[in-house]
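Trainee: Could we go through this one together, slowly? I would like to start with the strands.

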Amino acid sequence: MTQLAKTARVREIGLGIVGAGRIGTLRARLAAGHSAVTSISVSDLDPANARRLSELVGGRSYGDDNLAVIEDPEVTAVIVSTSEGEHLAPMLAAIERGKPVLVEKPIALTVRETDQVLQALKRCGGDLHVGYSRRYKERYQIAKEQVVKGRVGTLTGGAARVFNSRSQALAMLKRNPHATPVVDALTYYVDLMNWLFEGRKLTEIYARGQTGVLKEAGYDVPHVSYSVLTYDDGAVVNLGVSYALPEKYPALGHAARVEVLGTGGVMILDDDHTDQLMYSEIGVPHVYLPDHVVNMVFLQSGTPGDWALGEFWGPIANETRAWLDHLATGRPCTLATPQEARATLEATLAIEHSMRIGMPVTLPLRAG
């Protein structure tokens, strides 16, 4: 089959963006440059935000009515990039209308809401993926390749820890008090480990946390948490998160380290970015926080990626393009499925529950 024949069957995409915040804006800008995307429609609770994004990407329509965008016959696929607690309604609306969905992580903030999504997919069919963008950072794609090829043998254990600044934690919690460092940030590394340990199920989680830094700011949630996750074949993983580093810590996103142990090898992935240091008297803007400028920065530490010479490079770019390619050509993608996202959400909720009760938690959890 010739390349021309393959190209002729590319399906056009009329894209709806529900939520015109930073990530919705970034995905819209990336989508605007994709050859299969023929139009973009935008909704946001703040119509001024919707209008700004629509003008930025040459959108065909905008407004503050999410349902109107999803129902628009010109919209054939939907990106849900609202705040975490507002994912459910637009997801269900898109599923019921047979439109593929990319939703930001976590899929929801409760198991019950996630099960509503799974039930809707079972009833209506559909194509839904969840944006756990660590999967699309090159080093983790390459790590997955080594696991698939059997080069580290059978996985028996692993560890991951992620650091970020307290300013990032406070921004998350202000947006939604249930979007804790565990549920909103460590979730990336729960998903990453579940993906690397694909084919196993988590059976038990034991966790401990420490409160103080965030509590002083009015949020009674741990600023540092550590957990041990056990899979059904006995493999164990240690995960830790601290969102209590100083406000001006040089990382603009995740500073992480990931380790995977197997019967035939080991992978140690340093993702702290301390090898790329810059000091600027002008200052460098934070990727997530408006008006938050740091003078010293670890380059490439912004979690979504970075703009460079007019192009955006990094995990969000890779992930967005992979999803659009999937819709346009049927090409497989490695974005998280809703079932995988449910397992990840369940694990993060179990970590928090274990910290509260001071005891191990057995999975599965009861819906809630």
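Trainee: How many bridges join strand S9 to strand S10, and do they run parallel or antiparallel?

Mentor: This is a predicted model, where local features need pLDDT of at least 70, side-chain atom pairs count only at pLDDT 80 or more, and totals for chains, interfaces and linings use all residues. Residues are numbered from 1 along each chain as its sequence is written, and side-chain values use heavy atoms, with hydrogens and water left out. Seven bridges join strand S9 (residues 224–231) to strand S10 (residues 236–245), and the two run antiparallel; strands here are DSSP runs of E with at least two residues, helices are runs of H or I with at least four, and both are numbered from the N terminus.

Trainee: Which residue in S10 does Leu229 stand opposite?

Mentor: Leu229 stands opposite Val237 in S10.

Trainee: And what is the strand order in the open sheet?

Mentor: The order of its seven strands is S12-S11-S7-S10-S9-S8-S17, with mixed pairing, where two strands pair if DSSP finds at least two bridges between them. Strand S12 (265–271) and strand S17 (361–362) stand at the edges with a single partner strand each, so one side of each has no neighbour in the sheet.

Trainee: Changing topic, which residues of helix H8 are buried?

Mentor: In helix H8 (residues 166–175), the buried ones are Ser167, Gln168, Ala169, Met172 and Leu173, buried meaning under 20% relative accessible area, exposed over 50% and partly exposed in between (1.4 Å probe, protein chains only).

Trainee: So is Tyr206 buried, partly exposed or exposed?

Mentor: Tyr206, which is found in strand S8 (residues 202–210), counts as partly exposed because its relative accessibility is 33%.
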